[in-house]
Amino acid sequence: MSYVDEILERTRVQNPAQPEFLQAVQEVLESLRVVIERDEDAYRRDALLERLTTPERCFIFRVPWVDDHGQVRVNNGYRVQFNSAIGPYKGGLRFHPSVNLSVIKFLGFEQVFKNSLTGLPIGGGKGGADFDPKGKSDREIMAFCQSYMTELSKYIGADTDVPAGDIGVGGREIGYLFGQYKRLKDVFEGVLTGKGLTYGGSKARTEATGYGLLYLTQEMLKCNGYDLAGKTIAVSGAGNVATYAIEKAWQLGAKPVTCSDSTGWIYDPEGIHVDTLKEVKEVRRARLTEYAARRPSAVYHEGKGVWSVKCDVALPCATQNELHLEDAKLLVANGCFAVAEGANMPTTLEATAYLQEHGVLFCPGKASNAGGVATSALEMSQNSERLSWSFEEVDAKLQDIMVNIFHNLDQAAKEYGMPGNYVAGANIAGFKKVATAMQAQGIV
């Protein structure tokens, strides 16, 4: 049995009830076969894949808090510190009912390679809780965040582990979390990113993941003979990533025509109106039915269906495993020629394979949504230097990082005889840097 197959079997046996984590490991290791086989004995001797697929540490903790009716509630909190070979752990916090250890481990594992691809000195981690911020008052959100940080603060620090936001954790939540950390530790340091501009945040951080997605998509299309301008784009999600992907798509001359939330989706043939979307989702925190009520050209549909719309480019920006094999078939049948992931692993393995087999340009989230963590690392730099950079300066650095990510993964795919396979290229490029650092630091 090959070393890769040994580790895939070992991972399945050790993590039998963690499907998201197993999916992420399989996707990465299958891509790495060609690299591992070139020096299999050395990698096996150092147990490098065992160490790569095993988190350095995992924390699971109780988060008690009191709701507005005086009722005590209890949630599960998580932080997985996966790999620190190239820098302090870096990865977001997700507050959503679907959060469990499998989801957090999958996200942390993906983060290792994503952070490596940025070229910045940050390792991989992830955290969160099965808490649902929807329908909660600001006081309830604050109570939960303070309780969560009371435990999390024991394990993080500016040079140890620097969390950020993710699904369910925006500027409001980061503010409450940072305030509690400062209260407990009596130190003002860059321990969280995504902070408000008045207390150490970075300009362009809010826009970074969505903007970065479009910068990489534009470069991918350009290098394959296409122009993003004039193209119709289908986007899923209506959160931070989707909103700013839609905004940047317009700025680059494309027309985004869809968005979605947990209850339904919008098709607007005139193009999604960014200001209306921001008002509905960021200010009012309402459902997309309100968007449709304000836009005569928009049609609201219950449930799922974003990928049934005819488009040139698809950008899944909602959550993991949202784009299935049947969706991939619809996209291909409707003439879609490029898919770039704005969320973490939003495309199933079967859908990814189908898209690649049918000649669709496909870029995985560990590359195409790396703009957020890249700008978080830039925020860390500003915090360390006690400086604040302009929006234009941060945005220019972000664009350079995303363009470099694409060329690095493109080159890695070509070097190992898989030109155009950007999934393999991203995994290989991310792996080689981490593996080299791990080998240099000994058996730790």
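This is a predicted model: local features need pLDDT of at least 70, side-chain atom pairs count only at pLDDT 80 or more; totals for chains, interfaces and linings use all residues.

**Salt bridges**

I began with E30, which is partly exposed at 36% relative accessibility; I call a residue buried under 20% relative accessible area, exposed over 50%, and partly exposed in between, with a 1.4 Å probe and protein chains only. Residues are numbered from 1 along each chain as its sequence is written, and side-chain values use heavy atoms, with hydrogens and water left out.

What does the side chain of E30 meet in a salt bridge? I found R33, at 2.7 Å from N to O. My rule for a salt bridge is a side-chain nitrogen of Lys or Arg within 4 Å of a carboxyl oxygen of Asp or Glu. E30 and R33 are three residues apart in helix α2 (residues 19–36), so about one helical turn separates them. For helices I take DSSP runs of H or I with at least four residues, for strands runs of E with at least two, numbered from the N terminus. An α-helix has 3.6 residues a turn, so residues three or four places apart point the same way. I also noted that D5 joins E30 and R33 in a network of salt bridges.

Next I looked at D67, which pairs with R73 in a salt bridge, the closest N and O atoms being 3.0 Å apart. Is D67 buried or exposed? D67 is buried, at 6% relative accessibility, whereas R73 is partly exposed at 40%.

Then I turned to R139 and D68, whose side chains form a salt bridge at 2.7 Å, N to O. This pair links distant parts of the chain, 71 residues apart: R139 is in helix α6 (residues 138–152), and D68 is in the loop between β1 (57–66) and β2 (72–83). R139 is partly exposed, with a relative accessible area of 37%, and D68 is partly exposed too, at 40%. I got a count of 26 salt bridges by this rule.

**Helix α7**

I checked the span of α7 (residues 171–185): its 15 residues reach 21 Å from first C-alpha to last, close to the 21 Å expected. The expected figure is 1.5 Å times one less than the number of residues. Which residues of α7 are buried? I listed R172, E173, I174, L177, F178, Q180 and Y181. What covers them includes β3 (89–95), α6 and β5 (161–164), going by contacts, meaning heavy atoms within 4.5 Å. After α7 comes D186, with a positive phi near 55°.

**Two buried spots**

I found A343 in the loop between β12 (338–340) and α13 (349–357). A343 is buried, with a relative accessible area of 7%. A318 is 25 residues from A343 in sequence, yet their C-alphas are 5.7 Å apart. Leaving out residues up to four places away in sequence, A343 touches P316, C317, A318, T319, E322, G365 and N369.

C363 lies in strand β13 (residues 361–363) and is buried at 0% relative accessible area.
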